[in-house]
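I opened a structure that was new to me and kept short notes. The entries follow in the order I looked things up.

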Amino acid sequence: NGCKSAIKNIVVTVRPPIVASATASPICEEQIATLMAGGSGGMGNYTYRWLHNNSTNQLQNILLVSDSTFTVVGSDGCSTNDSASVKVTVHPKPAPAFTSTPGGCVPYPITFTENSTIKTGSIVAWEWKFGDNGTSNVQNPVYLYNNAGSWNVTLTVTSALGCKASITDSGKAVIFPNPEAAFTPDPVETSILTPNIKFIDQSTS
């Protein structure tokens with residue numbers, strides 16, 4: 001009959017495919033790395049699966065001792081899944097160490113020599129605690145002890161990348177008390193008939 005239907009326009013929205021992402025920050029040895037999954041494009045409402053443990057949590061916390069790479073698969077239930085990988089760089093911690101000169105009688109100065117090492121990079125900061133509330137930030141300090149005792153000395157070193165490590169040694173600072181001279185005569189009184197006097201040492205140290 002020659003009749004024509006009305007024209008109807010339909011808008012078809014074609015979304016870009018999902019793009020997965022994975023991020024993490026560098027850490028120091030024996031620290032916990034935080035991994036974060038993300039996504040863009042697609043339909044939204046993303047879900048994730050980490051391949052190292054099949055976890056579907058967007059956030060992952062993992063204790064690491066060396067560089068590691070992790071991969072996550074992102075999905076939006078519509079477009080083809082996408083994956084992304086992230087490498088976590090693990091910076092080495094320094095290995096703190098030090099020596100000291102022998103102790104002596106109070107007051108007595110002891111020289112501390114720092115011998116710390118690190119696999120890569122450099123050590124840039126030193127924090128000493130000498131056990132008697134004294135401190136220093138010098139690499140190789142000379143510290144004067146004014147009290148007798150066996151003092152616990154702690155050294156904390158920091159690398160150029162901010163990694164820290166500490167060591168405490170109880171045998172590196174031994175300070176001895178000064179002796180106190182004392183004696184008593186026996187007898188306390190005498191005469192020409194019994195002129196001999198015995199002196200008894202009662203010194204302490």
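**Ground rules.** Helices (H or I, at least four residues) and strands (E, at least two) are DSSP runs, numbered from the N terminus. The model is predicted, and I took local features only at pLDDT of at least 70 and side-chain atom pairs only at pLDDT 80 or more, while totals for chains, interfaces and linings use all residues. Residues are numbered from 1 along each chain as its sequence is written, and side-chain values use heavy atoms, with hydrogens and water left out.

**Entry on S68.** I looked up S68 and found it in strand β6, residues 68-75. Is S68 buried or exposed? Buried means under 20% relative accessible area, exposed over 50%, and partly exposed in between, with a 1.4 Å probe and protein chains only. S68 has 18% relative accessibility, so it counts as buried. Next I checked its contacts, meaning heavy atoms within 4.5 Å. Beyond its neighbours within four places in sequence, S68 is in contact with V86, K87 and V88. I also noted that a polar atom of the S68 side chain lies 3.1 Å from the backbone oxygen of S66.

**Entry on cysteines.** How many disulfides does a search of the whole structure find? A disulfide here is a pair of cysteine sulfur atoms within 2.5 Å. The search finds one. C28 and C163 form it, with their sulfur atoms 2.0 Å apart. The angle about the S-S bond is -90°, and the link is left-handed. The pair links distant parts of the chain, 135 residues apart: C28 is in strand β2 (residues 27-28), and C163 is in the loop between β15 (153-159) and β16 (164-169). Both cysteines, C28 and C163, are buried. I then checked C78, which counts as exposed because its relative accessibility is 56%. C105 has a relative accessible area of 39%, so it is partly exposed.

Two strands pair if DSSP finds at least two bridges between them. I found three strands in an open sheet, ordered β9-β10-β13, with antiparallel pairing. At the edges stand β9 (98-100) and β13 (142-145); each has a single partner strand, so one side of each has no neighbour in the sheet. From one strand to the next, the twist averages 30°. Three bridges join β9 to strand β10 (residues 108-114) in the antiparallel sense. Across this pair, F98 stands opposite E114 in β10.

**Entry on β11.** I counted six bridges between β11 and β15, which run antiparallel. I123 has S159 in β15 as its bridge partner. With strand β12 (residues 135-136), β11 pairs over two bridges, again antiparallel. There K129 stands opposite T135. β11 and β12 form a hairpin with five residues between them, and G131 in the turn has a positive phi of about 95°.

**Entry on cores.** A nonpolar core is a set of buried Ala, Val, Leu, Ile, Met, Phe, Trp, Tyr and Cys residues joined through side-chain atoms within 4.5 Å. Which residues touch the most other members of the largest core? They are F112, W128, F130, Y145, V153 and A173, in a core of 17 residues. At least two residues of this core come from each of β10, β11 (123-129), β13 and β15. Another core, of 16 residues, lies apart from it and includes I27, A33, V86 and V88. Last, I looked at W128. Not counting residues up to four places away in sequence, W128 touches residues including F98, F112, E114, V153 and L155.

Technical notes
Polar contact = N/O pair within 3.5 Å; in protein donor to acceptor, adjacent residues only side chain to side chain. Axes fitted to C-alpha atoms, helices over the stretch in contact; angles between N-to-C directions.
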